[in-house]
Amino acid sequence: MNEKGKSFGNRKILNNKVYLYLTEFFTGMSVMAVELGASRLLAPYFSSSQIVWTIIIGTIMIAMALGNIYGGRSADKNPDPDRLYRRIILAAIWIALIPVLGKYIILGISAVMIFSVNSNFLIWAAFAACMIIFVFPLFLLGTVTPSLVKYAVSDLDDNGKTVGFLNASNTIGSIIGTFVPTFVTIPSVGVSATFYIFAGILLALSIIYFCSRKQRSIRAAVGAVVLVLACIFCSTDSFAFWEDNLTYEGESVYNYLQVKEDDEAVYLSTNVLFGVQSVYVKDDSLTGYYYDYAMASTMMADVNEAENLDVLILGMGTGTFATQCDHYFDNLTMEGVEIDEDITELATEYFHLSEDIPVYTYDGRAYLNAIDKTYYVIK
């Protein structure tokens, strides 16, 4: 390390490599949390298709690569660690503002592009949204690793070991940052709170650094105020903020869920704001959607000629098909398989799925491999 780098390396907190590894760990965790949060933020507007995921991953990798380059050059030119932790504060502030402004930016971009793009609207709109919303904070977080190398490597004899520990810390953090949002924070407290949690973690890292130096940081104070205000004034995860008559809006491990209701029917939308995945007609008549054509499977199975038919429904959803069959036929024994338990709960609460029809929370393909039973109809 050069003399300038050594002078900064003599700061007490930077001599503690555990703190540097923790910075790397929580940075990696936050990057993955933002990536998964991005998928949930974009899904209601652009779906969660492979195209959208490709755009998210590609955009984030671009941001990280540019951040690595800039971080390395910046660390060589001016290795002052204050600059690094100020960048982390700025990233935290930006991440905290994503739930507040993100959906408005997405709709603004979509409104502009729908009139200016003739083809591939989904690709261009999703890419523009990712570039504007997510590139800057992840670019800043991409500067962390090369900067920390500057402070952590004090002896060329073990520089490989030190860099290895830094990369391992980042990778382990990324692994945990993949599972925690998906299985813990998003299903339990929502996307907005997930962004706030990880913005708070990044902010705390920087506050600890500046406090250890007994140095005031205006940016840290601003970051704390922004985070608190965002939590207070943006406490809802409503993506369809213009809707005032939603029966239900929420998130599960697998989906963004929305239930609408009018005088005639109840509708379920998953991962889209304007599409419909399931319909229950209140007078028990046919829906007029493709679900009605599925009834042909029972008719082709000579349902009227048999005393009792075992029917298995893979991807039960809200049970539209099962409810119709239960209404029109009296000789069917139906079972359903639905991987999203939250949808099953909505089915009984809003879509009048009979509690006499068992629904197993399982992946359909795995369920078929696990059971030893013959069904007359599998839908």
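This is a predicted model: local features need pLDDT of at least 70, side-chain atom pairs count only at pLDDT 80 or more; totals for chains, interfaces and linings use all residues.
Reader: Why are strand 1 and strand 4 said to stand at the edges?

Author: The open sheet has four strands in the order 1-2-3-4, paired antiparallel. Strand 1 (248–251) and strand 4 (278–281) each have a single partner strand, so one side of each is left without a neighbour in the sheet. Neighbouring strands are turned by 10 degrees against each other on average, direction ignored. Helix 14 (residues 341–350) packs on this sheet and touches strand 1, strand 2, strand 3 (265–270) and strand 4. The direction of helix 14 makes about 10 degrees with that of strand 2; such angles run from 0 to 180 degrees between N-to-C directions, with axes fitted to C-alpha atoms, for helices over the stretch in contact.

Reader: Why is Ser269 called buried?

Author: Buried means under 20% relative accessible area, exposed over 50%, and partly exposed in between (1.4 Å probe, protein chains only). Ser269, at 5% relative accessibility, therefore counts as buried. Ser269 is found in strand 3. Its contacts (heavy atoms within 4.5 Å) include Tyr256, Leu257 and Gly275, not counting residues up to four places away in sequence.

Reader: How do you know that helix 8 is largely enclosed?

Author: Eight of the nine residues of helix 8 (residues 144–152) are buried, so the rest of the structure largely encloses this helix. Among the buried residues are Val144, Lys150 and Tyr151.

Reader: Why is the pair of Tyr70 and Phe139 called tilted?

Author: Rings of Phe, Tyr and Trp (its six-membered ring) pair if their centres lie within 6.5 Å; planes under 30 degrees apart count as stacked, over 60 as edge-to-face and the rest as tilted. The structure holds 11 aromatic pairs. Tyr70 and Phe139 lie 5.6 Å centre to centre with 45 degrees between the planes, and the pair is tilted. Tyr70 belongs to helix 4 (residues 50–77) and Phe139 to helix 7 (residues 135–142), 69 residues apart. Tyr70 is partly exposed, at 38% relative accessibility.

Reader: What makes the pair of Tyr362 and Tyr367 edge-to-face?

Author: Their planes make 70 degrees at 6.0 Å centre to centre, and the pair is edge-to-face. Tyr362 is partly exposed, with a relative accessible area of 40%, whereas Tyr367 is buried, at 9%.

Reader: What makes a set of residues a nonpolar core?

Author: The set consists of buried Ala, Val, Leu, Ile, Met, Phe, Trp, Tyr and Cys residues joined through side-chain atoms within 4.5 Å. The largest such core has 61 residues, and those with the most contacts inside it are Phe46, Tyr85, Phe134 and Leu138. Helix 5 (residues 81–116) supplies the largest share, 13 residues. Another core, of 16 residues, lies apart from it and includes Met295 and Leu353.

Reader: Why is the β-α-β crossover called right-handed?

Author: A crossover is right-handed if, with the strands pointing away from the viewer, the path from the first strand over the helix to the second runs clockwise. Here the chain crosses from strand 5 through helix 13 (residues 320–328) to strand 6, and the crossover is right-handed. Strand 5 (residues 309–314) and strand 6 (residues 332–337) pair in the parallel sense over six bridges.

Reader: Why is His352 called exposed?

Author: His352 has a relative accessible area of 54% and is therefore exposed. His352 lies in the loop between helix 14 and strand 7 (359–360), and its phi is near 55 degrees, a positive value in a residue other than glycine.

Notes:
Residues are numbered from 1 along each chain as its sequence is written. Side-chain values use heavy atoms; hydrogens and water are left out. Two strands pair if DSSP finds at least two bridges between them. Helices (H or I, at least four residues) and strands (E, at least two) are DSSP runs, numbered from the N terminus.
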